[in-house]
Amino acid sequence: MSKQIIIVNFEEIYLKGQNQKFFADRLREQLKIKLADFKDYLHFSRRHGGSIFIELRKPLPQEERELVEEILRRTPGVTGFYTVWSVPSRREVILEKALDFARANYPGEGTSFRVTARRLKKSLPFTSRELAADIGALVVEHLGAPVNLTRPGWTLHVKVRPEQTFIYDRIEPGPGGLPVGSSGRGVAALSGGIDSPVAAAMMITRGMALDLVHFHSVPRTSPRSVEKVRELARVLSVYQPGVRLHLVPVLDIQQAIARNTDHRLRLVLLRRFMLLLAGRLAGQTDAQALVTGDALGQVASQTLENMEAISRVTSRLVLRPLVALDKKEIIRRARALGTYAVSIQPHDDACAMFTPDNPETRARLDYVEKQWARLDTDTLVEDALARMETEEYAFSLDNLKKLMAYVRTK
Ligand code: ATP
Ligand code: MG
């Protein structure tokens, strides 16, 4: 009897003992949520060291198989995964099934191949080398495939374990990182731009569970710009199922800033409000950190002086995962994540229309504090929070398929 098992590896080198169980449980939860549509096919069996085994109850049709693989490729904490045929560890059975496997999976067209065999069970009447040679001979005989031991186009792996032997041909990489929910909570400020969705995805991949917050100026800006942020939330829900998006109106705040303060500091002051509001949200959601898409020197508000003058408004930890990345690298990541095609759709953002001709690029903290003091910050913050709207984005295959289409967009 042979059965198919999807083996999901999660092990980070330092994960040990109880810690490993904690991470495995988080990862399993995430996988169960995201693979719920396939539950007729999949059975989660127990954990084996740094791997989760998912047994196939029946073969996955091609389209379903691709979707399952896409989910695994986009699940934080997955370092790699592969589908094996699991067969009894007896020589004649292994030979027969390995040939069947080659018949089903060898790419053909004269592709060269090799067999690698490993034995985790040592007390066997054959060596790994003999086993590999025998299987190789069978494949040559029946499929006419040419052998190439040094640079094969296709490799058939046979791993002989005490109970069962695994036969497989490729290990797919996952995103690595840690499972969502294993590294605490955060609030990420999500604009409609290219950077902040990448920053959010990076922290999600590092195991944080995020709440997203977007600050908008409707009706001064079009509702379409909010729609765009919703679409970004849908893409991010593939990485963090059930992610929440909070929409906070800041038009009143912008008007108060415009009326009462030095126009050169408009952006710095607005950013302060954003951090303050995100911080309040963090308090409500038990989050320990804020996340932004700032990259050093990228735009006027992102000099060290301005970042400092902005950060000082809160004592909360502000994480800026993009701080040292070039724009080119950020764009490369945005494309791979599927957020880029959404981010580049035209929109009018809350800041653009609010940017003075000569924004301050080196705000002095004492001057910023003086201007800040002219504003009724408490009331403005309370009013904005009172009008906040919250939405939740469940994982769905529709969102996954959209993401895949965005990734394919050139
Ligand atoms: P992005 O591409 O993320 O918009 P940016 O390079 O345009 O970044 P800024 O406009 O200076 O940079 O914004 C810096 C960060 O402040 C953003 O990455 C985001 O985290 C946050 N931010 C800016 N505008 C908004 C907004 N309207 N709503 C929520 N967060 C915002
Ligand atoms: Mg922006």
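Leaving aside neighbours within four places in sequence, Leu210 is in contact with Arg185, Gly186, Val187, Ala188, Ala200, Met203, Ile204, Gln240, Val243 and Val291. This is a predicted model.

**Leu210 and strand E10**

- Leu210 is part of strand E10.
- With a relative accessible area of 1%, Leu210 counts as buried, because the cut-off for buried is under 20%.
- Pro146 is 64 residues from Leu210 along the chain, and the C-alpha atoms of the two are separated by 51 Å.
- Strand E10 also gives 3 residues to the shell around ligand 1, the largest share.

**Ligand 1**

- There are 20 residues around ligand 1, and those that come nearest are Ser191, Asp195, Ser196, Gln298 and Gln302.
- In the side chain of Asp195, an N or O atom is 2.7 Å from an oxygen atom of the ligand.
- Ile194 takes part through its backbone, where an N or O atom lies 3.1 Å from an oxygen atom of ligand 1.
- For His214, a polar side-chain atom lies 3.5 Å from a nitrogen atom of ligand 1.
- On its own, ligand 1 has 570 Å² of accessible area, and the protein covers 90% of that.
- Two or more residues of the shell come from each of helix H5 (195-205), strand E10 (209-216) and helix H8 (266-284).

**Helix H4**

- Helix H4 runs over residues 128-143, 16 residues in total.
- From its first C-alpha to its last, H4 reaches 22 Å, close to the 22 Å expected at 1.5 Å a residue.
- Its buried residues are Ser128, Leu131, Ala132, Ile135, Gly136 and Val139.
- An α-helix has 3.6 residues a turn, so residues three or four places apart point the same way.
- Arg129 and Glu141 are exposed, on the face of H4 turned away from the buried side.
- Cover for the buried residues of H4 includes helix H3 (91-105), strand E5 (113-119) and strand E6 (154-160).

**Helix H13**

- In helix H13 (residues 377-386), the buried residues are Thr377, Leu380, Val381, Ala384 and Leu385.
- They cover an arc of only 125° around the axis, which means that they sit on the same side of H13.
- Asp378 and Ala386 are exposed on the other side of H13.
- Among the elements that cover the buried residues of H13 are strand E11 (243-249), helix H7 (251-260), H8 and helix H12 (365-372).
- Helix H8 also gives two or more residues to the shell around ligand 1.

**Glu231 in helix H6**

- Glu231 lies in helix H6, which spans residues 223-239.
- Its relative accessible area is 10%, so Glu231 is buried.
- The side chains of Glu231 and Tyr406 are joined by a polar contact of 2.6 Å.
- Leaving aside neighbours within four places in sequence, Glu231 is in contact with Val342, Lys402 and Tyr406.

Key
Residues numbered from 1 in each chain as written. Chains lettered and ligands numbered in written order. Predicted model: local features only at pLDDT ≥ 70, side-chain atom pairs only at ≥ 80, totals over all residues. Heavy atoms only, no water. Helix = DSSP H or I, 4+ residues; strand = E, 2+ residues; numbered from the N terminus. Expected span 1.5 Å × (residues − 1). Buried < 20%, exposed > 50% of the residue type's maximum accessible area, 1.4 Å probe, protein only. Contact = heavy atoms within 4.5 Å. Near = heavy atom within 4 Å. Polar contact = N/O pair within 3.5 Å; in protein donor to acceptor, adjacent residues only side chain to side chain. Areas by Shrake-Rupley, 256 points an atom, 1.4 Å probe, with all protein chains shown as cover. Arc of directions from axis to C-beta.
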